[in-house]
Each structure stands twice: as C-alpha cells, then as structure tokens.
Amino acid sequence: MLTTLDPLWVLIALTIFTIGIIRRVRLWMMGQKDERLEGVGQRLKDFIVYAVGHKRILRELYPGLMHLFIFCACAIPLLIILAVQVKFSIPQLLGNLFSLFLDAVGSLGLLGIGLAAYRRYIQRPDRLSDTRAEDAIALIWVFAIIFLGFCVEGLRLSITGETGVWAPAGYVFASLFSFAEPGTQVSIHKLLWRIHLFLVLGLIACTPYTKFLHIITSAINIFLRKYGPPGVLRQITDFETAETFGVSRIDEFTRQQLFQLDACTRCGRCQDNCPAHLTQKPLSPKKLYQDLRTHMEEKGAQSAHNGDVSEKALIGDVIEHDTIWSCTLCLNCHFQCPVFITSVDKTIEMRRNLVLVESNFPVEVQAVFKNMENNSNPWGIGRHQRGDWAKDLGVKTMAEAGTADILLYAGCAGAFDDRYKKVSTAMVKILQAAGVNFAILGTEEGCCGDSARRIGNEYLYDSLVQYNIGVFQQYGVKKILTICPHCYNALKNEYPQYGTDFEVLHHTELLLNLVNTEKISLNSSPGKMNVCYHDSCFLGRYNDIYDQPRKLLTSISGISLVEMDRTLDRSFCCGAGGGRMWMEEHLGTRINEARTEQAIAAKPDAIATACPYCLTMLEDGLKAKNVFDSIKALDIAEYIYDAMKK
Amino acid sequence: MGKGIWVYAELTETSVRKVTFEILSAVKSIAAKKGEEVCAVVLGKNIPESVADQCASYGADKVYFVEHELLANYTSDGYAKALADIITRQQPSMVLFGATVVGKDLSAKAAAKVSAGLATDCTELKVDDSGNFCVRRPMYAGKVYADVGFPNAPVIMASIRPNVLIPTPPDASKKAPVEKVAAELAAGDIRVTIVETIKTAAAKVDLTEAEVIVSGGRGMKEAAGFKLLEDMAEIIGATVGASRAAVDAGWKPVAEQVGQTGKVVSPNLYIACGISGSIQHYAGMGTSKVIVAVNKDAEAPIFSKCDYGIVDDLFKVVPAMTQEMKKLKAEG
Amino acid sequence: MNSIVCLKQVPDTEAQIRVKPDGSDVLLQDVKFIINPYDEYGVEEALKLKEKFGQGTVTIACLGPDRGVESIRTALAMGADKAVHLDDPALDGGDAFTTARALAEQIKGMEYDIIFCGKQAIDDDAAQVAVALAEYLNIPHANLVVKVEVASDKKKVKVNRQIVGGEEVLELPLPAVITCQKGLNEPRYASLPGIMKAKKKEIKAVKAADLKLDAAQIGAAGAKSKVLKCYAPPQRKAAQIIDGETPEAKALKLVKLLREEAKAI
C-alpha cells in the first residue's frame, strides 16, 4: 500500500504539525516563567487516571461515554497500527481477538460520534451554544477516518474472501461493496485506503490548527495540574519593589496559564455549574478562557508582524469589568473541568491590578477596605467592641489566661454580626460543657483578611495577616478553632505562605470529635425533621469537609438529611464568596435566591449550614421567598447546642 | 467690664430664626447674674420694627439695627465686617449666635477679626461660682462633652445648637429701645458675588430646625415605603428624615440624611422607623428630647438609646399610630 | 494650578473616646487615627484640579503632633506632591485661632491659587480654623461647598454651597479658602504604587521659630478658649419597650404615652 512517496507525505504532515506546534509554543512563551514542576510521579499517575481513565469526563455518563468511545477509537487503532509496523508475529488466536477488539472499538467510535452529533445538533444543551464549524469539522473528519477504515476492511474481506467472524463490522461493510466487480473493488480499496491515509496524515498535520490540538494540550494540562489545597492564591511579597501588580496585559500571565487556554475544548461543564453564569452575569469560565485565548493569538500575530493593530486593553476591552467582579471564587469550575483548567488564578490577578494599581473597583468596596484598615472588620464597627460578644459568657481572653490548649478564633462575623454572635455564643457554651481548655483574643483579634485578599487587595491582606501572626506568636498559639470557613481556609491553607504552622480546625471538625468521644451528649431531639445541609464552598470544595457536618446532623435524634441536586463537590455557591458579600449585585438574578430555591425544592423542614456568609445569604433568600417563617436556617453549632439541652 | 451680652438675631425671609429666641431666653438669668444688659443685634437692610418687638418680647433690653444697602443679603465679608465694627466700638462682653449655617460662619469670621474666644455648637450656657462664663458643648460626634471657658478673651463668642435651649413664653408687652447704626461698608469690602440661589424642598421646615422629625431607614424597604412616614408627618407637623442606609439605597436625597455625616438635628420628638441606630446615626439625633424607635429587630442598637420603643412591624405600627394621632388632633 | 490642602489627623469615627478619670482630657492611646474625612474631600478636589489643568502642585499643610505624618503620607499616596508639617510643642494647646494664625504665617510664604479645608474636624467639631485662616490671609472664603468650578484663567472660582433650604451659587476671586462638605466628591483610594511613591515625597518640618510669630499668639499662651473639663455624655434613662397583643395595640399605647407622659405631641 505504501508507496515510495508516502514517507514524504508523512514528513510533510509532520513538518506542518511541527510548525503549528512551534507557533502555539511561541504564544505560550509570551508569558512569565512558572515555578518548577514537582512531583512527577504523582503527575504521571494522575495523567493515567484523568486523561486515559477519563475520570472526571465520566462524571456525566452521556458525554463521558461518548468521548470515551471516540477516544478509544482514535487512540487504540493508532497504537495498534504503530505497533504492527514493527512486524512481530503474534499467534493467530490473539490476532483474531485483536481484530474483533478493533472492530468493536471502531464501532463504538462511530457510535460515539453519532452520540456527539446528536447531542450537539439535536439536543443542543446550553453549554454547547457556542458550537462552531471547528466542532463539526472535527466530528466529520474522525467519522470519515473510521468509516473509511471500515470500508477498507470490508473491501479487504471481500477481496480476500476472509470470513467476517473476527471482523463483524468489516463484514457489514463488505456487503456494501458487493455490487462491484473484484477488479473494481481493488481499485476502490486502493483509493479509499489512500484517502484514509491522507485523512489521518491530514489530522496529524492540522492538529495544532484545529480542535484536535486538545488531544495534546488537554492531556498535558492534566499533567501540569496544580496540587496543594485548592484555591490558594499566589502570594505577593515584593510590594516595595514591584513595578506593577496583578495582570493587565496578556503576557503578564505565566506560560502555564497561557497554555491552559489551549487546553479548553469548550465542553462547558464549568459554565453549567458557575453560579454567576447561571444567574445571567457576564462571567462564564469557558468564555473567559476563549476570550483570553483569542486575545493571546491576536497579540501573537501582532508581534509577529510588528503590527500596528490597535492596542486592545486586556481589562475592559477583552475581559469586561463585570466578568472580573462577578466571580464568587467558588471553585466549581475548577472541580468540574475534566482537564484541570483554572479560572480563579486569572481572575484574581486581574482583580489585583484593578485594585492595587488602578484603584478601580466597585465603589461600595472602598468603605470595606477603609473599615478593615481602621477597625479590622469589614463593617467598620469599633475595634474596641470586638470582645463584647463574649463578655458575659465567662470566657477568658488570651491576655487573661496567658495560655490555652486551643484558641477560639471568633472571626469578624462571630464577633460583630448580630445573627452570627448566636453561633459563636453557642460554640462557647458547647466548649465549656465539654470542658475544653480554650481562650479567645477579644479586642486583640484581627480580621483574617480573606475578603481583602479575594477582592484583590493583597497589600491590605498582608498587613492584616502580619498583625494576626504577631499576636498568635506572642501567645505561643499552636492550635486554632475557627467558626467561619473563610477564616478556616485562610489560617489553615494561606497563612502558611508566611511560614506559619498552626493546627487549624473548623468547628464542625471539633464538634464531631466531641460527639464521637462523648464529651458532649445529644439528649434532646427537635422531633422528626428533614434538614437540608448546604455545603459552603470554603468548607466543601476548598477543604474537603463534607461528611462531618452531615454526621453531626444525623447524630441528633429525629433529624434526617435531604440533599439538593447540587450537593457535595457540586454544591452551588450562596453568592457571597470572592468578596461579593460586600458588593452590590446589580446584574441578572440573585445567586442567593437561586440557591435558596434549590434548597426549598428539596422540601426541608429546616436548612443547615456552617458558614456565616451562607447563613446570611440563605436567610435573606428565605425572606425573599417569603418562607422565612416556615423554614429556618441554622448553623450546625446551633443544631448541636439545641440538642444538648436537657 | 463689658457692656452687654449680645445675641445675634438671624433673620429668615419672613421673620427671626427661632434659635435667637431660645438664646435670648436662656441668657436672661446669666445677664442678671453678671449685671449686664441683653442686646439683640440685627444686620440687614430696612429691618422691620417688628423684629425689635419680637426680640424684646423674649427679653432683649436693647436692640441694635445695623443697616446698609450691602447687608441686604448675607455675605461673610459684609456681615462680619459690620458686626466686628460695632463690637469693636461697643465692647460687649459676649456675643452669642445660633449654630446655624450663617451663625457658624459669621461667628468664626467676626471672632477672628476681633480676636475673640469662640465655642461652636454649644448645648448649655452657665456661669461658674467665680462668675466666669462657660459653655458645655459636644465633641467627637457627641461621645464626649466638654466645658469650655474663655480665659484671656477680650470678647467671648459662642454659637448655640438650635432646639436645645427652651424659649420662655414671649411677653408682648415688653419693649426695647432700638439703636440704628449705619454700617461702614464699601462695595470692595464684599469679594463674593451671589450668582444664584437654588431652593430645594419648598415650604418645608428644615430638618435642623424641626421640632418633630419622623425618620426612615433600611426597614422602609423601598422609596415608596416613606409614604407612611409622610402621612404621619402631615398629621403631627413633622419633617421627614432618613438614615444613611435609606440615602445610600437611593430612596431619599442626601439633604434629608440625619446623622454624623448628614444633618445634626435636635427636635423635641424623633421617631425612628426601621432604623437600626448605629452610632453615626445617633450622633446626628442623640440630643433629641424624646426618641421613639419602631423596628422589627429586637436586637437593634437603637432600642438601648431610645425613650420608647416598639418591637414590631413598622408597616402595621406606623399607620396605626397615624390613625390614633389623627383622632387626637381632631379632638383638639 | 497650585492648591494647598489643610489636613488634620483625627481619631477614627468608630474609635472609643474615653475621658481621663480626672476629666482633664480625653484618652487617645490605642486609638486609630485617620485623615479628617472632610479634609479628604479637599485632597480629592485639589487632585482633580491638578488633573483638569494638567499642571500645578498639591501641597498638604498639617498642624499637629508627630503621629500626623501617617495621615500626611496617605494624602501623598492619593497623589499630593509635598507637605509642610507644623509640629512643635509651642504650637500645642491652642485654639482654632492660634492654629489658623500659625497656618497663615506658613502659607503666606507659599505659592497658591486655592486652599481647601474640611468643613469641620470630627474631633472638636468646631468649624473655625478655615474661616479664621481666610481672615488672617485676607482672602475670601466659602463654606459647605459641594461643587467647585475653577475658571480657566484661574482667577476666580464658582462654588455651590449649602444654605438652609437649598444651595447658593457663589463666585469668588482666587486665591480663596473653600471648606468641603460631603457630596463634593468621592475621595480616591490610594493605589499601591502611590503608597510606595509617597514614602519618598517631601514633608517639610516647620517649627514655631520658623514662623516669626509672637509667643503670645500661638499655643496655649495665645488661646482665647480652653477646655476646662470633659465628661462622658449623659446617659438616657432606660428605654420603655411597649408591649401589646397586636402591633396596633402597641401603637395606641405609644401615642397615649407620647401625648400624656412625654408631652411630645
């Protein structure tokens, strides 16, 4: 079959391929240097699990299987064919099984493409609404290759008279050509084989210029994924010397960040789970990646031609301000993306530029910054009142106690928010009943800084962190108990960027421990009650705490859990993350009301959560839906405390 | 020894500003203790005699009319010069003003001209055991009160917060001699030109002068919610105010905001509806004589700062109150 | 377009202000200090003028103790160019007029087209310094300004100022003193590069001796009014929370009390 020219065609295909790859690489190299990649072993393992094993892709059965079939149909025959070039002889039986296997794979491939086409063009899910010619071309191309492959096999069977037992699909195709004379069949075979070959070489050649690029980039992106606690933001330390902060030009992203843009296949799972997108904000992670990608290509073309194409501003022209501010940093997109593309690291860098360099941020945020600067809490309530919530509870401050086993870090909500003071008070009473040796900081406590950091004010965050670390070190604090998941995440996962090493617990972790070790007993029952637990982003996705709150609830007699559809690591954000608690929501519908509707749909008697932001948002949602009198929202600590009463 | 305790009588478009009478009333006993006469000082053009009568009825022993063409409208330059001139000539021991927009401006400039000692926005006037005059005034947005004395001051000046001192009932039989003085002013003395005057709220009593204020906050839910307050205000002759939350939400203009950064008010009765009662709001109305709060939230800080409170839905309470007030008004 | 902005450092609006046990003064330890919010409007307006005219300097003038440097740096971080800091014990303990006198002496020797001050300082709430400053410099002033329009020839300024029941539009020749009221502008948030640059901007220290004033005109010696004693504010009697079966019943009770007990309606 192969002619003497074929090596030339292969060479040409590979050359075109290489040129395309180099062009893409040049684009990625526009970016800044990344940190060294560590943990190659784990990365290879994850590559097998997620790229080959399709672990995340298979979270949704239809598109998962559909892609798996196409993937197998492309990858396996390719491997086999490459292997077969190395002419080793295999036993007949094995060869027959291979043949059967390949037929199955090929058939599944055709099925996969059929499923894909049906989904994309008949079902038309919202997340594929931006379907392009590129997608159709890819489907048709692969279909053609497989189809022609079967044609070729069928013709071969027909010509050689082989039985179709070990190649049933081929056998079916053989009958297609039964009308032709053997001689004609040979010619058709030759022709179709050649077309098949050119289609394959063409696919290889055009990979860098088409959707097929994802075969390389998506797979590699899985290898390049970030490890460590999810959502930890890049630290800035050179406030004094840096000339700029955050990102305002595409080439200020890192090379890996730019590479990620090429790994996106526009599958849209991110968008389908994004609370901003689902409430009609302009933010869609998919669109963010695609817009950045287009801009990267434009920039690349510009510099290639020393172009005088007009300067498009990254922030404002390419990416709208509203897109940047709409993100609640819930990480749902990070967890849904089958190939581990991340949006938060890009959004936060643009926020940092807007806040630190341009002083351009939603107007209501300025007061929040000032309040945190002057009184160490976003509401600007007098700093001297930070210990008032506990003054009649018989709690010692660290200054009074000198030392304690565990520091109870109340956080701004626990200290100042009237609703959440009930939770911090309940926690104190539980700890006292359990005989835990703890103290609070009172007026010496400062804001953890999470809101400042997530809005993009890294400088303010830095000063708040340094203050807190100073106080913790002064009292030799080793173990910290937090009530708010944002404080928890900051103290546990982000303060270590400053070299700290505290043991940090969320109140649900400690409460479960107290229940399991019977330091507290849950004697009281609220009666038979269906409780719907809302996973807060910063506890669930950020810190993998899903079970503890649920176990606590079911430890209370009478309580059964009802789950929302969007639960556990698919939980839908309450809308307050990313500093959005402090911003007005002007666009679309309200995220907190959307989540409340989801909760109400689960038909609960009450709602449970473990975060002050979520509690505020859900209560507001219940009020807005006029069910606040019939469905209550309570913190886990409140459920436990009520169950402890005799 | 100075010759007299003077009270600057601020004119409105139609009459004399009420605070003048409050000060005249309060200053009578002080003047008696110090053996000085009380004089009202009025500046303007063609000042009507009735002004002198009104001042006399509240206790002025004498009235100065300082008149000039160029004093027809208030200007800092014109009024301060004219006032400073007559102060320099007559050497009163003290000059008191209402702590109004005009009063605070005029007192500061006149005090600078005559090297007086000046205390702004006072809530109490007294004479100590040694016979020295001193005032009490709020500082730090009302978080601290200070007694202020005036050592070394050739003339003492003070501006008094409106609606704090209680005017005695006027005695129309009292009369006071009027001394008319022509101010020495030339056009070049007045450097500022008034280009135009923009009136906003027509015919309503300004918040800072109101005796009764009904105020709404976040609990009003929307701009239309304020209709309830306007209905009540209509019946009891109140001015409607708003908290910062309501202004920030766009339901009411900044000019109607009561608070530390808005208007500082001191009515006889302040009814706060749907207002949580932050310290900044309190700083703007804390000297109200009677404070009433209506709020659904039992934990709202305002309940620890009011005289009477109702923890309930204001949308039910306010109309019910208005109904009852209507009844009382009809009964006379 | 050269502006001078008079700036005072004051305790934060939320700070707890306690009175010393002997009532002689307030306790300001552990208190957070900020730029007087009304002065901040002045800084912003001066910066806007500089941007509008494309040239000129914005100079901060501050009379106060050493801790004031932090607030001066904040104003410099917003974009002001330089500062003069009158910091001398001999200037302490005065009243608004000694402060204004000292500032006037300093400002006399400077080049300026316009001076911005806040309408009042939120610590003493006196609202006197700016007016006295204008008097000592013999230039006109306008108080409670919510809008500023400097003419392109920089010879005069049109301002909107608040009066009872509305606003007045005034025209003043420059130089003049403008006191800023809320609503004039939204002060900008200092950018990080601005904060870093501010560390290198000039803050000239000025002592009493530099001012060529009589000792009797400054500080405690020159004060014509003096705080004799400080008190915590009088506490209101505990609130009467009105009870009742229905909101309407409570409303009725309240109106009765207001009429008969409080005699307020």
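Visitor: Which residues does K143(B) touch, leaving out those up to four places away in sequence?
Guide: K143(B) touches D12(C), T13(C), E14(C), A15(C), I17(C), Y231(C), A232(C) and P233(C). Contact here means heavy atoms within 4.5 Å. Bear in mind that this is a predicted model: local features need pLDDT of at least 70, side-chain atom pairs count only at pLDDT 80 or more, and totals for chains, interfaces and linings use all residues. Residues are numbered from 1 along each chain as its sequence is written, chains are lettered from A and ligands numbered from 1 in the order in which they are written, and side-chain values use heavy atoms, with hydrogens and water left out.

Visitor: Where is K143(B) in its chain?
Guide: K143(B) is in the loop between β7 (133–139) and β8 (144–149) of chain B. Helices (H or I, at least four residues) and strands (E, at least two) are DSSP runs, numbered from the N terminus.

Visitor: Is K143(B) buried or exposed?
Guide: K143(B) is buried, and it has no salt bridge. The nearest side chain of opposite charge is E14(C), 6.0 Å away. Buried means under 20% relative accessible area, exposed over 50%, and partly exposed in between (1.4 Å probe, protein chains only). A salt bridge takes a side-chain nitrogen of Lys or Arg within 4 Å of a carboxyl oxygen of Asp or Glu. For charges, Lys and Arg count as positive and Asp and Glu as negative, while His and the chain ends are not counted.

Visitor: OK, and Q128(C), where is that?
Guide: Q128(C) lies in the loop between β8 and α4 of chain C. It counts as buried because its relative accessibility is 6%.

Visitor: What does Q128(C) touch, again skipping residues up to four places away in sequence?
Guide: From chain B, Q128(C) touches A108(B), L118(B), A119(B) and T120(B), and from chain C it touches A96(C) and F97(C).

Visitor: Why does D123(C) count as buried?
Guide: Because its relative accessibility is 10%. K8(C), at 27% relative accessible area, is partly exposed.

Visitor: What about E70(C) and K32(C)?
Guide: They form a salt bridge too, with the closest N and O atoms 4.0 Å apart. E70(C) is in helix α2 (residues 68–78) and K32(C) in the loop between β4 (26–27) and β5 (33–35), 38 residues apart. K32(C) is partly exposed, at 29% relative accessibility.

Visitor: Which residues are in the network of salt bridges that share partners?
Guide: R234(A), E349(A), R352(A), D450(A), R453(A), R454(A), E458(A) and E494(A) are joined into one network. Elsewhere in chain A, E38(A) and R36(A) meet in a salt bridge (3.6 Å, N to O), and both are exposed.

Visitor: Switching to cores: how many residues are in the largest nonpolar one?
Guide: It has 142 residues, and those with the most contacts inside it are L314(A), F472(A), Y639(A) and I640(A). Helix α20 (residues 458–474) of chain A gives the most to this core, with 7 residues. A nonpolar core is a set of buried Ala, Val, Leu, Ile, Met, Phe, Trp, Tyr and Cys residues joined through side-chain atoms within 4.5 Å. A second, separate core of 63 residues includes C117(C), L133(C), I139(C) and L213(C).

Visitor: And what does Y639(A) touch, with residues up to four places away in sequence not counted?
Guide: Its contacts include M529(A), V531(A), L553(A), I556(A) and L634(A).

Visitor: Last topic, whole chains. How many helices and strands does chain A have?
Guide: Chain A has 26 helices and 8 strands, and 54% of its 646 residues count as buried. Its C-alpha atoms fill a box of roughly 100 × 65 × 45 Å along the principal axes.

Visitor: And chain C, how many helices and strands?
Guide: Chain C has 7 helices and 15 strands. Buried residues make up 56% of its 265 residues, and its C-alpha trace spans about 70 × 45 × 40 Å along the principal axes.
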